[in-house]
Every structure is written in structure tokens, then in C-alpha cells.
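These are my notebook entries on one structure. I wrote down what I looked up, entry by entry.

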Amino acid sequence: MDYGHSERPAGATPLPTAIKILVAGGFGVGKTTMVGAVSETRPLRTEEVLTESGVGIDDLSGVESKTTTTVAMDFGRITISDDLVLYLFGTPGQDRFWFVWDELALGAIGAVVLADTRRLADCFPSIDYFEGRGTPFVVAVNCFEGARQYRLDEVQAALNLDPGVPVLLCDARQRESSKEVLITLMEHAMKTRDARRRAAAD
């Protein structure tokens, strides 16, 4: 039966709002791990084994044990509440796969930029991309074992971020930690949206 635009039968359960979020960052920073940790369904992954063809192209410094790479996207889903479902799209981190970013970014309300303090410069391209599109984002520092720990204000200064961009620590392997990052992004995206609406109304 066709219910029309927004008409639904009396008593029908409202459909949840679906929100698209990107998880971005440099090669080997933990994007696939985060999507897998937080997704309530088995995540879709497009990983391929690293081969000799990537020698001289893929920078493995700091992530020498990595054997696979995302070549298109990771996809997962998490239900925040009865009326809110987040769909997560993990982006490929290597330059040669960035041609898919524009397609993945369509309709996204915001992004998580994962950072590794051992390879902090690797997240600059992601930050530049979202700043250029005006997409709200947060920076989540993935706390790798053995990596030097920095204060959040030091990370903010090193990345030359706008003071309004949230920076937080996380463990991409842990569901609750990753979920907290997504909640922070949602709050930031809503504040950004409201501020833009007020500015447009002035």
C-alpha cells in the first residue's frame, strides 16, 4: 500500500532517522577497526592484501605489521535510539583510492578523522577535505600501545584546527569508546547546523 509522502497508518511504528557518517584518516590509523568495533551488524569490508605493487607507494612506516588495505569503503550500522540509526562509511586512506571520497561524502552530516600521533601529518588531507567542503568533523586520537601520548591541546595546535573542532582520545578497538566519538560528532554537527541557520537568518 502506498502511504503517500509522509502519511502512515495510525499506530504504525515511526521509521527511524538514518544519518550518514564518514570515518576517515590516514593509512593504517584504525578506520576499519572502529567501524567493526561499533557496528551492530557484521560490517561490510573491501580489504585487499597488500602486494609488491604497493612498494614505493604505500607508506608502511609505523604500521609495518599491516597486511591489508581498504580499497573502496567499510560499512557498518549502529542504532543510537529507537528513532536514530547511524550508517558508517570508512574511507580508504591511501592517495590512490581518494577518487571514491566524493561519492562517499554525498549526504554525510559529518566525519570522524582518526589520528595516530606517530603519523600525525597523515590526517591533514582528511582535515583539508572536510574543511573545504564545510563538513563538520571531529578528530579522534587513536591511542596505540607504545605511542607517545600528547595533550589534546597539543594535538589541536599541531593540526592547526579551528578552536571549535572537538579533539578527543579513543580506542578504536572498543565499542563504547568508538560510540562516544560518534556521539561527540553528532553533537558537534547539530551545533554547527544551528549556528549556520542563525547566521543565515541574520
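Is Arg151 buried, partly exposed or exposed? I found that Arg151 counts as exposed, because its relative accessibility is 51%. The classes I used are buried for under 20% relative accessible area, exposed for over 50% and partly exposed in between, with a 1.4 Å probe and protein chains only.

**Entry 1: the model**

I noted that this is a predicted model, in which local features need pLDDT of at least 70 and side-chain atom pairs count only at pLDDT 80 or more, while totals for chains, interfaces and linings use all residues. Residues are numbered from 1 along each chain as its sequence is written, and side-chain values use heavy atoms, with hydrogens and water left out.

**Entry 2: salt bridges**

I looked up the salt bridges and found that the structure holds nine. A salt bridge here is a side-chain nitrogen of Lys or Arg within 4 Å of a carboxyl oxygen of Asp or Glu. Side chains of opposite charge can pair when their charged atoms come close.

I returned to Arg151 and saw that its side chain meets that of Glu154 in a salt bridge, at 3.5 Å from N to O. Glu154 is partly exposed, at 33% relative accessibility.

I then looked up Arg118, which forms a salt bridge with Asp116, with 2.9 Å between the closest N and O atoms. Arg118 is partly exposed at 38% relative accessibility, whereas Asp116 is buried at 3%.

Next I took the salt bridge between Arg119 and Asp122, where N and O are 2.9 Å apart. Arg119 is buried, with 11% relative accessibility, and Asp122 is partly exposed, with 30%.

I also recorded a network of salt bridges that links Glu145, Asp171 and Arg173.

**Entry 3: helices H1 and H5**

I examined helix H1 (residues 31-38) and helix H5 (residues 175-201), whose axes come within 8 Å and cross at roughly 100 degrees. Helices (H or I, at least four residues) and strands (E, at least two) are DSSP runs, numbered from the N terminus. The axes are lines fitted to C-alpha atoms, for helices over the stretch in contact, and angles run from 0 to 180 degrees between N-to-C directions.

How are H1 and H5 oriented to each other? They are roughly perpendicular, a label for angles of 65 to 115 degrees; under 35 counts as roughly parallel, over 145 as roughly antiparallel and the rest as oblique. From H1, the contact (heavy atoms within 4.5 Å) involves Met34, Ala37 and Val38; from H5, it involves Arg175, Ser178, Lys179, Val181 and Leu182.

I also noted that H1 is mostly covered, with six of its eight residues buried. The buried residues of H1 include Met34, Ala37 and Val38.

I located Val155 in helix H4 and found it buried, with a relative accessible area of 2%. Not counting residues up to four places away in sequence, Val155 touches Leu120, Val141, Tyr150 and Val167. The C-alpha atoms of Val155 and Val167 are 7.8 Å apart, although 12 residues separate the two along the chain.

I placed Val165 in the loop between helix H4 (152-158) and strand E7 (167-170). Val165 is buried as well, at 9%. Leaving aside neighbours within four places in sequence, Val165 is in contact with Phe137, Val138, Gln156 and His188. I also noted that Val165 and Val139 lie 26 residues apart along the chain, with 7.5 Å between their C-alpha atoms.
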